[in-house]
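Here is a short briefing to read alongside your structure. Take a look at the model first, and then walk through the points below.

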Amino acid sequence: MSLVAAAAPVSTLLREATAQAHERAENTGFVQHLMSGRLTVEAFTALVAQHHAIYLSLEALGARVRDLPGADRLVRPELLRSPALARDLAHLSADRAAPPATAATRAYVARLDELHDLPGYAAHAYTRYLGDLSGGQIVKTMMQRHYGLGEQGLSFYTFEQIEKIPPYKSGYRAALDALDLDEQERARLVEEARAAFAFNEAVFTDLGELYPPAH
Ligand code: HEM
């Protein structure tokens, strides 16, 4: 790592280190097809089911690290998504069984379940929550537009306790930057965020195979 990079705030390192992976994730077939209305409510429901499994583990990890020094600025109750996902899933699957976790989701969950350190949590929280607060808002609009979904089924994307998203995201980045990390921990955080993006991409790949576009 160069001296300049070593001095950069963690949030800048994270953004730069994951920019390419972000582009890849955004451009997977599944995401492109879902966002352009070429899939179905069933395909979206399968995504919600993957998110539900993933957030249960992410938020259990949050509970494991909550009492570590500096964790209270990152593990925040207003971010918790698993209750909303449980509601969305119940609504979308109605009386059918919820779609199962794919192999990639099971691998992602297994990784989250083995972590118990703050840089590890920070990497996964950054990847998911800042994503949900950013592109997630666009996803919500597209799901409403293409699949006729209302607030029921999309409550995951509504952070009821967050009034203004842009300043909230800045505050979260500032909390990441305020972490007291040595060089090794910073590197680990960035590597784990890259891994988090790779897990997400793999989930989209699985879903792309299960749900090809209809036209
Ligand atoms: C439909 C697909 C997606 C779209 C349209 C999208 C769009 C965006 C946009 C516009 C931003 C910039 C917001 C800003 O600068 O304030 C952003 C940021 C972000 N997205 Fe996505 N995104 C998508 C998928 C994903 C996925 C799959 C992940 C990871 C699981 C992700 C994680 C993030 C993160 C962590 C940020 C914050 C970057 C930073 O400021 O450090 N996004 N996204």
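Predicted model: local features only at pLDDT ≥ 70, side-chain atom pairs only at ≥ 80, totals over all residues.

The ring centres of Tyr55 and Phe156 lie 5.3 Å apart with the planes at 80 degrees, so the pair counts as edge-to-face, a label given to angles over 60 degrees. This pair connects distant parts of the chain, 101 residues apart: Tyr55 belongs to helix H4, while Phe156 sits in the loop between helix H8 (135-147) and helix H9 (165-177).

**Aromatic pairs**

- Tyr55 and Phe156 also belong to a cluster, joined by ring pairs, that includes Tyr129 and Tyr157.
- The count of aromatic pairs comes to five.
- One of them is the stacked pair of Phe30 and Phe204, with 6.4 Å from centre to centre and 20 degrees between the planes.
- That pair, too, links distant parts of the chain, since Phe30 is in helix H3 (residues 29-35) and Phe204 is in helix H10 (residues 183-210), 174 residues apart.
- Phe30 and Phe204 are both buried.

**The ligand and its iron**

- The ligand is surrounded by 19 residues, and the closest are Arg15, His22, Tyr126, Lys169 and Arg173.
- Which protein atom is the donor of the iron atom of the ligand? NE2 of His22 is the only protein donor, at 2.1 Å.
- The side chain of His22 also has an N or O atom 2.9 Å from a nitrogen atom of the ligand.

**Helix H2**

- His22 is part of helix H2, which runs over residues 10-26 and has 17 residues.
- From first C-alpha to last, H2 reaches 23 Å, close to the 24 Å expected at 1.5 Å a residue.
- Even so, H2 bends by about 50 degrees at Ala19.
- The buried residues of H2 are Val10, Ser11, Leu13, Leu14, Ala17, Thr18, Ala21 and Ala25.

**Ala63 in helix H4**

- Ala63 lies in helix H4 (residues 41-65).
- Is Ala63 buried, partly exposed or exposed? Its relative accessible area is 36%, so Ala63 is partly exposed, the class between under 20% and over 50%.
- Ala63 and Ala122 are 59 residues apart in sequence, with 13 Å between their C-alpha atoms in space.

Notes: Residues numbered from 1 in each chain as written. Heavy atoms only, no water. Helix = DSSP H or I, 4+ residues; strand = E, 2+ residues; numbered from the N terminus. Expected span 1.5 Å × (residues − 1). Bend = angle between axes of the 7 residues up to and from the residue. Buried < 20%, exposed > 50% of the residue type's maximum accessible area, 1.4 Å probe, protein only. Donors = N, O, S within 2.8 Å, 3.2 Å for Na, K, Ca; no water. Near = heavy atom within 4 Å. Polar contact = N/O pair within 3.5 Å; in protein donor to acceptor, adjacent residues only side chain to side chain. Phe/Tyr/Trp six-rings, centres within 6.5 Å; stacked < 30°, edge-to-face > 60°.
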